[in-house]
Amino acid sequence: MLLAGLLAAVTAWIGHSYTQATPPGLGLPYVVTIAFIALDLLVVLAIGTLIAVTTTTPSFVLIGTLGFMLVARSYSAIVALLTRDTTLVGNSDTYQSSLSLLGYLLPDLAALDVRMISLYGQWQFLPDDWPLRVVSTLAYAAALFALSVWALNRKKFS
């Protein structure tokens, strides 16, 4: 929260000396953007907690969490790209259906990227189904935390 406030203050200070066609929205659009970023970080924290509880190698926590974040933020963009241009890969239908399967296993973190709201100050960049995405992402994080607690309770300490 401190860094978010500091970023808003620096942006407002620089914005007074630099004129642009669409000034950044530092009011409610900024708060909504920070809330969506915090939700994104909550899911990454939940998967990092689960990996930390279940693995014995410390470096796998970092590698696994970063890998999860990359896949969860990029698979929906790849599916959309394959929908528009099927000539990118051979047998694109099978490839696309395999990637679409990830939609049932991972939250779509790319859909939570609403930075354009505060950048342009326009609410049209907020997805229409944002309440469903927020609730499903919160449920996913809660499930990962619950699984982490369950795994920690079952772990045998010597």
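1. S148 touches A46, T49, L50 and V53, leaving aside residues up to four places away in sequence. The model is a predicted one. The residue sits in helix α6, which covers residues 130-154.

2. On secondary structure, the protein chain holds 6 helices and 0 strands. Read from the N terminus, its elements run α-α-α-α-α-α. The radius of gyration is 19 Å. The globule rule gives 15 Å for 158 residues, and the value for this chain is well over that, so the chain is more spread out than a compact globule.

3. Next, the overall dimensions. The C-alpha trace of the protein chain spans about 60 × 50 × 30 Å along its principal axes.

4. How much of the protein chain is buried? Buried residues make up 28% of its 158 residues.

5. What is the accessible surface of the protein chain? It comes to about 10,500 Å². Carbon and sulfur atoms account for 70% of that area.

6. Now the charges. The protein chain carries 7 positive and 7 negative side chains. How far apart do the centres of the two sets lie? The distance between the centres is 17 Å.

Conventions:
Residues are numbered from 1 along each chain as its sequence is written. This is a predicted model: local features need pLDDT of at least 70, side-chain atom pairs count only at pLDDT 80 or more; totals for chains, interfaces and linings use all residues. Side-chain values use heavy atoms; hydrogens and water are left out. Helices (H or I, at least four residues) and strands (E, at least two) are DSSP runs, numbered from the N terminus. Contact means heavy atoms within 4.5 Å. The radius of gyration is taken over C-alpha atoms; the globule rule is 2.2 Å times the number of residues to the power 0.38. Buried means under 20% relative accessible area, exposed over 50%, partly exposed in between (1.4 Å probe, protein chains only). Accessible areas come from the Shrake-Rupley method with a 1.4 Å probe; for residues, only the protein chains shown count as cover. Lys and Arg count as positive and Asp and Glu as negative; His and the chain ends are not counted. The place of a charge is taken as NZ of Lys, CZ of Arg, CG of Asp or CD of Glu.
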